[in-house]
Amino acid sequence: MAKDLDELLDEVESKFCRPDPLRLGMVERPRGGGGGGGILSNDRNRAEAKENLRSTETFKKEHDLDSLINEIFEEPNFDKKRFKLKSKSSGNTSVRASFQGLGKSCSPVYLGGSAIPCGIGTNTSQRACDHLRCIACDFWVVSYDDYGWDKSCDYLFFRNNMPEFHKLKTKLVKKKGTRAYACQCSWRTVGELTDLQKDHHLRWVCGKH
């Protein structure tokens, strides 16, 4: 077993490890001094052979890794562009799918007090729309249950404070059963189910659910 190992190490040393003459002289010099020196030189030879073998394998692995990285970065640019286009396309598909999901509108559009449930309003399901948008100021309509607007509210108040609740609440009055609606240009306090079409001054529409 030991003899086979020595032969294997000698073969590896002859193929991969070529020590310079100076190192070889330093290793073989003790052989003339007796049997102990020969054993020591063999041990050193084996240790150096193992170390050189490890260095060779490490260098080979690093070289292979560098080659792989270079191959990845040297791929044609059109592949990268095609990948980006695919990603963009899939993103657009998701956006389209989300818009398709938001395709139901209220008909008719209802406003209502806090006792009226919110949702998609129909002739058979009378619910207050909670996705209202104003086509005059292009703001989403906010609503607050069990509140009404103070009589001192004016256009400039909403123009300057929408849609910040901490600013709007200075004109909100606690009133059970009502719901306060507002955009940047209009506001209403509603206590019962109301068809939006009957209020000709409001430019609110269902923004789809």
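**Exercise 1.** Determine over which ring the charged end of Lys171 sits.

*Solution.* The charged end of Lys171 lies over the ring of Phe157, 5.9 Å from its centre. The criterion requires NZ of Lys or CZ of Arg within 6 Å of the ring centre and within 35 degrees of the ring normal. The model is predicted: local features need pLDDT of at least 70, side-chain atom pairs count only at pLDDT 80 or more, and totals for chains, interfaces and linings use all residues. Residues are numbered from 1 along each chain as its sequence is written, and side-chain values use heavy atoms, with hydrogens and water left out.

**Exercise 2.** Classify the aromatic pair of Phe158 and Trp187, and state which of the two residues is buried.

*Solution.* Step one concerns the cut-offs: rings of Phe, Tyr and Trp (its six-membered ring) pair if their centres lie within 6.5 Å, and planes under 30 degrees apart count as stacked, over 60 as edge-to-face and the rest as tilted. Tyr144 and Trp149 are edge-to-face, with 6.3 Å between centres and 85° between planes. Phe158 and Trp187 are stacked, at 4.8 Å and 25°.

Step two concerns accessibility (buried under 20% relative accessible area, exposed over 50%, partly exposed in between; 1.4 Å probe, protein chains only). Phe158, at 0%, is buried, whereas Trp187, at 23%, is partly exposed.

**Exercise 3.** Identify the aromatic cluster that contains Tyr144.

*Solution.* Tyr144 belongs to one cluster with Trp149, Phe157, Phe158, Phe165 and Trp187. Tyr144 has a relative accessible area of 14% and is buried; Trp149, at 9%, is buried.
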